[in-house]
Amino acid sequence: MSQDETTSAASAASAVASTEPEPIKAIPLRRPGRWIAAAIILIALGLFLWGAKTNDAYHWDTYFKYLGDKRIAKGALVTMELTVLAMVIGVVLGVLLAVMRLSPNPVLRSVAWAYLWIFRGTPVYVQLVFWGLFPSLYKTITVGVPFGPSFTSFDVQHWSAPFFFAMIGLGLNEAAYMAEIVRAGINSVGEGQREASVALGMSWSQTMTRTVLPQAMRVIIPPTGNELISMLKTTSLVTAIPLTTDLYGRARDIYSINFQPIPLLLVAATWYLLITSVLMIGQYYLERYYARGSTRQLTAKQLRALAQAQVAGGTG
């Protein structure tokens, strides 16, 4: 290329560059209303906290005295045990009810619908009261052939198991809600997924375990986590049984003696909030695990792997 051609090419490039628009300098839109609202909220929150701190009716000395009390800690452990066991019953029975709702058998569908109608249509507190009165409703339970010989019988009057009745009552109530959650998760998977699995020669069980359920878990996990947290708080209603060894029951027993319900209720609320926070963290990671592949946004680990692959490709 000659010197004249080089000079003309450079002149053309400079002319093109001069015709390009200058980059836009974006100025963020000022929103003073947000800062004013945030300042008002912070001031109101500070005034409330200061007022609560200086209010002698809260009895903060009693609050800190019983915050780490062994009776409260044991009550929290009973609450967690009751929550886990009731949720296990609810999840297992809920899956069974969901399958019955989706079954082509009209009898199974009707039985599942009637179960959901009863347990979702009545308050859980009323159900727990009935479970507390179970020994009064049924004196004995006989196992045997209907209208025939009996094999064994149980004297319900001598049963003294409020924890057992609370677990059963909460679990049966939770099963009605878990059935709808599982059914919605299964229905969220398209029919094409099942048809493709059948075309590949998979059986019904293989289709459910390898194709349907893994995809349905993205829909099932979030509301199930919410139900677990809700179950933790619902355990405070087991006073209807009555069960007094749970967290709220222990706090109530203590303030019925020292006549200071406010600090003891704050202690119970603190423990509930602590356990709920741990469950929310676990729910977050579980949701993120089952959400893999459902979004096009790459995670930090995936971005690092992509960058390393690009660097390796460039050096090669």
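Is Ala251 buried or exposed in this structure? At 0% relative accessibility, Ala251 counts as buried, where buried denotes under 20% relative accessible area, exposed over 50%, and partly exposed the range in between (1.4 Å probe, protein chains only). The structure is a predicted model, in which local features need pLDDT of at least 70 and side-chain atom pairs count only at pLDDT 80 or more, while totals for chains, interfaces and linings use all residues. Residues are numbered from 1 along each chain as its sequence is written, and side-chain values use heavy atoms, with hydrogens and water left out.

Ala251 belongs to helix 11; helices (H or I, at least four residues) and strands (E, at least two) are DSSP runs, numbered from the N terminus. Between Ala251 and Leu266 there are 9.4 Å from C-alpha to C-alpha, at a sequence separation of 15 residues.

The empty space of the model was examined next. Rolling a probe the size of a water molecule over the atoms shows where empty space is left. The largest pocket holds about 460 Å³ of space. On a 1 Å grid over the protein atoms alone, a pocket is an open set of points with protein on both sides within 12 Å along at least five of seven lines, whereas a cavity is a set of points where a 1.4 Å probe fits but cannot get out; lining residues have an atom within 4 Å of a point. Grid points are joined across faces, edges and corners, and the volume is the space filled by probe spheres set on the points. The lining of the largest pocket comprises 23 residues, of which Met87, Val91, Thr224, Leu228 and Leu286 are the closest to the centre. Two or more lining residues are given by each of helix 4 (70-102), helix 8 (162-187), helix 10 (204-234) and helix 12 (261-290). The largest share, eight residues, comes from helix 10. By residue class, the lining divides into 18 nonpolar, five polar and no charged residues. In this division Ala, Val, Leu, Ile, Met, Phe, Trp, Tyr, Cys and Pro count as nonpolar, Asp, Glu, Lys and Arg as charged, and the others, Gly among them, as polar.

Salt bridges were then considered. Side chains of opposite charge can pair when their charged atoms come close. Four salt bridges are present in the structure, each defined as a side-chain nitrogen of Lys or Arg within 4 Å of a carboxyl oxygen of Asp or Glu. A network of salt bridges links Arg101, Arg120, Glu180 and Arg183. Glu180 meets Arg101 at 3.0 Å, N to O. This pair links distant parts of the chain, with Glu180 in helix 8 and Arg101 in helix 4, 79 residues apart. Arg101 is partly exposed, with a relative accessible area of 22%. Glu180 also forms a salt bridge with Arg120 at 3.8 Å, N to O. Arg120 lies in helix 5 (residues 106-121) and Glu180 in helix 8, so the pair ties together parts that are 60 residues apart in sequence. The relative accessible area of Arg120 is 42%, and this residue is partly exposed. A further salt bridge joins the side chains of Glu180 and Arg183 (2.8 Å, N to O). Because Glu180 and Arg183 are three residues apart in helix 8, about one helical turn separates them. Arg183 is likewise partly exposed, at 23% relative accessible area.

Backbone geometry was also examined. Most residues other than glycine have a negative phi, and most peptide bonds are trans. A cis peptide bond, with omega of about 5°, joins Ile241 and Pro242. Pro242 is placed in the loop between helix 10 and helix 11 (247-258). His59, a residue other than glycine, has a positive phi near 55°. His59 is located in the loop between helix 2 (32-54) and helix 3 (60-66) and is partly exposed, with a relative accessible area of 32%. A positive phi of about 55° is also found at Phe259, which is not a glycine. Phe259 occupies the loop between helix 11 and helix 12 and is exposed, at 68% relative accessible area.

The C-alpha atoms of His59 and Pro261 are 9.7 Å apart in space, although 202 residues separate the two in sequence. Pro261 is part of helix 12 and counts as partly exposed at 34% relative accessibility.
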